[in-house]
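Dear colleague,

I am passing on a structure that I have been going through, and I would be glad if you looked it over alongside the notes that follow.

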Amino acid sequence: MTDAVSRLTPTAIMLLALLHEDDMHTYEMVRLLRERRADRMIALTHGTIYHTVARLERQGHIAEVGSDRAGNRPERTTYTLTDAGDTALLVWIRRELVSIDDPERFRIALTEAHNLGRDEVIALLDARREGLAASLNAHRSARETAIAHGSHPQFLIEVHRQAALLAADIAWLDEAVEFIRRPDTVWGVVDIPVTDRYLAQRESART
């Protein structure tokens, strides 16, 4: 049986991560997610985003902090991340960075991994590597055993493919950990330079 954190959707996690950066109204969240190409991973329809925001508020993960109206635009409500929402976000990321069972949720966790400290992310990815290596060994062993007992390799081609994917994932993970470990790699929201480009992106998303 899953708990409340595990039931959070990838869309919910990406919205919580945005509010981890700063307070925002829903329209700004949608614009920023589009500009950052989050549509590669989640559905970015207004209906989905507004429904998810409402659900997160009911769950106590976010809260209203104000509203504004400019010109003929509809009133826009600004939300902030609550302590419960912050905790849920970080717990979800930690769980999914280690898990090897759901590649799509791992993509979201990896995208938002910068919300955790550098050393913790490295440790979590090292743990993930152990899980991937164990799975790779199991696939290779199962294929070799089946062939040794007379199974034709053509019936095991998917197992062969999965082993190749696991090996590639491990190789990529090793590179990623080295990248994160490098002292010249900027890591974490607070360490990102507040450039004119970033400020312009935020301003564009608000209007």
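Helices (H or I, at least four residues) and strands (E, at least two) are DSSP runs, numbered from the N terminus. Please bear in mind that this is a predicted model, in which local features need pLDDT of at least 70 and side-chain atom pairs count only at pLDDT 80 or more, while totals for chains, interfaces and linings use all residues. Residues are numbered from 1 along each chain as its sequence is written, and side-chain values use heavy atoms, with hydrogens and water left out.

The chain has eight helices and three strands, which follow one another along the sequence as α-β-α-α-β-β-α-α-α-α-α. Of its 207 residues, 36% are buried (under 20% relative accessible area with a 1.4 Å probe, protein chains only; exposed is over 50%, and partly exposed lies in between).

Arg 129 belongs to helix 6 and is partly exposed, its relative accessible area being 31%. Beyond its neighbours within four places in sequence, Arg 129 is in contact with Ile 170, Leu 173 and Asp 174, where contact means heavy atoms within 4.5 Å. The side chains of Arg 129 and Asp 174 are joined by a polar contact of 2.6 Å; such a contact is a pair of N or O atoms within 3.5 Å, of which, within protein, one must be able to donate a hydrogen and the other to accept it, and residues adjacent in sequence count only if both atoms are side-chain atoms.

Helix 6 also meets helix 4 (residues 83-98), and their axes come within 7 Å and cross at roughly 35° (axes are lines fitted to C-alpha atoms, for helices over the stretch in contact, with angles from 0 to 180 degrees between N-to-C directions). On the helix 4 side the residues are Arg 94, Glu 96, Leu 97 and Val 98, and on the helix 6 side they are Glu 120, Leu 124, Leu 125, Ala 127 and Arg 128. Five of the residues in this contact are nonpolar, none polar and four charged, with Ala, Val, Leu, Ile, Met, Phe, Trp, Tyr, Cys and Pro counted as nonpolar, Asp, Glu, Lys and Arg as charged, and the others, Gly among them, as polar.

Lastly, Arg 37 lies in the loop between helix 2 (26-35) and helix 3 (46-58), and its phi is near 60°, a positive value in a residue other than glycine. Most residues other than glycine have a negative phi. Arg 37 is partly exposed, with a relative accessible area of 45%.
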